[in-house]
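Where are the ligands held, and which residues stand around them?

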Amino acid sequence: MRPAARDVARLPAHVAIIMDGNGRWARAKGLPRTEGHRRGVQTLRDIVRHAGEVGVRYLTLYSFSSENWSRPLEEVQTLMLLLKVFVRRDLAELVSSNVQVRVIGERSDLPADILGLLEEAETRTAGNDGLTLVVAFNYGARNEIARAMRSIATDIAAGRLSADSVTEATIGERLDTAGIPDPDLIIRTSGEQRLSNFLLWQAAYAEFYFSPVLWPDFSADHFDDALEAFYARDRRFGGLKVGAEV
Ligand code: IPE
Ligand code: IPE
Ligand code: MG
C-alpha cells in the first residue's frame, strides 16, 4: 500500500464503485464477455481486501443493475451464477475478516436461491464491525426511491405519518441505504462518465473519479490513485473554503 494513499485523517468513509468494462476487457482479448465477468470477480476480491486494509469503513459495489436484465439470457445467467459462487466461496473469509455485508436493491423479483444466499451473507456477517461491504444487486436508484415513496405514501394513507412531517431524513431512512453514510467518493472504471442509475439520492455531494482502466485490470494501486485524487479535492458542500471568508 502506498503511504501517500493512507492518509487516515482524510480517508473517505464511504467509497462506491461502478465496476465497468468487463465486456470490453474480454472482447479486447478475443474472449467471451462472460470471461470478463469471471475476471471481474477476482478484482472485486482484491479490492474488498485492499479497502479493508486501508481502513475504508463502507465499500459499495455496483454488481448488477435493474437495467442489466436486458442483456442476453446467457450473460444474465452467468452474472447470477458468479454471485452464487462468490457467496459460497468467499462468505467464510468475509465472516472471519470481520466484514459486514449489506445488500441494496429490489429483492422481490430475485430468484429464490439468489435471495437466500444474499440473506445468508447478511445474517452471518451481521455481528461484524469491520468494513461494511454494500452489495448493490438488482439495484436501480429510481426503483429504490420509488419504493421509499410508496412506503411513505402508505404510512400517510394509514394515518401513521403526516405529510407535513416528511423531511429529507424521512426519505433517507426509507432508502435501502438507511443508516449508511452517503458516499464520499464514487469511482467508475472503463472510461464511462455517467451514473447509470446508481445512488442518485445519496450522491448529492460525492466526489467523482473516472478511471480509464477496465474493471478486470483495476488494481489496489489504481484504487490508491483514486484516494490520492480525492485528497486533492476541495469539498465545500455549498459553503466556503476555510479561510476564504474575506
Ligand atoms: C460491468 O461490465 C459488469 C456489469 C455491468 C454487470 P460490463 O459488462 O458492463 O462491461 P462493458 O461495459 O460491456 O465493457
Ligand atoms: C452499470 O454499468 C451497472 C454495473 C456496473 C453493475 P452498465 O455497463 O450496465 O451501464 P451502461 O449501460 O453503460 O450505462
Ligand atoms: Mg458496461
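## Ligands and pockets

Ligand 1 sits in the largest pocket, where sitting in a pocket asks that more than half of a molecule's atoms lie within 2 Å of its grid points. A pocket is found on a 1 Å grid over the protein atoms alone, as an open set of points with protein on both sides within 12 Å along at least five of seven lines, using a 1.4 Å probe, and its lining residues have an atom within 4 Å of a point. This is a predicted model, in which local features need pLDDT of at least 70 and side-chain atom pairs count only at pLDDT 80 or more, while totals for chains, interfaces and linings use all residues. Residues are numbered from 1 along each chain as its sequence is written, chains are lettered from A and ligands numbered from 1 in the order in which they are written, and side-chain values use heavy atoms, with hydrogens and water left out.

The elements that give two or more residues to the shell around ligand 1 are α1 (22-28), α2 (33-54) and α3 (73-96), and α1 gives the most, with three residues. Helices (H or I, at least four residues) and strands (E, at least two) are DSSP runs, numbered from the N terminus. Among the 13 residues around ligand 1, those that come nearest are Asp 20, Gly 23, Arg 24, Arg 33 and Arg 71, a residue being near if one of its heavy atoms lies within 4 Å. By class, this shell holds two nonpolar, six polar and five charged residues; Ala, Val, Leu, Ile, Met, Phe, Trp, Tyr, Cys and Pro count as nonpolar, Asp, Glu, Lys and Arg as charged, and the others, Gly among them, as polar.

Around ligand 2 stand Ile 18, Met 19, Asp 20, Tyr 62, Ser 63, Phe 64, Asn 68, Arg 71, Arg 188, Arg 194 and Ser 196. Strand β2 (residues 58-65) gives the most to this shell, with three residues, and the shell divides into four nonpolar, three polar and four charged residues. The space taken by ligand 2 is the largest pocket.

The table lists polar contacts, that is, pairs of N or O atoms within 3.5 Å.

| Ligand atom | Protein atom | Distance |
|---|---|---|
| Ligand 1, oxygen | Asp 20, polar side-chain atom | 2.8 Å |
| Ligand 1, oxygen | Asn 22, polar backbone atom | 3.1 Å |
| Ligand 1, oxygen | Arg 71, side-chain N or O atom | 2.6 Å |
| Ligand 2, oxygen | Asp 20, polar side-chain atom | 3.3 Å |
| Ligand 2, oxygen | Asn 68, side-chain N or O atom | 2.9 Å |
| Ligand 2, oxygen | Arg 188, polar side-chain atom | 3.3 Å |

The protein covers 76% of the 390 Å² of accessible area that ligand 2 has on its own, the areas coming from the Shrake-Rupley method with a 1.4 Å probe.

The largest pocket has a volume of about 800 Å³, a volume being the space filled by probe spheres set on the points. Of its 39 lining residues, Met 19, Tyr 62, Ser 63, Phe 64 and Asn 68 are the closest to its centre. Helix α3 supplies the largest share of this lining, seven residues, and by class the lining has 22 nonpolar, nine polar and eight charged residues.

The second largest pocket holds about 230 Å³ of space. Its lining is made of 13 residues, of which Val 48, Arg 49, Glu 93, Ser 97 and Val 99 lie nearest its centre, and the largest share, five residues, comes from α2.

Note on methods:
Polar contact = N/O pair within 3.5 Å; in protein donor to acceptor, adjacent residues only side chain to side chain.
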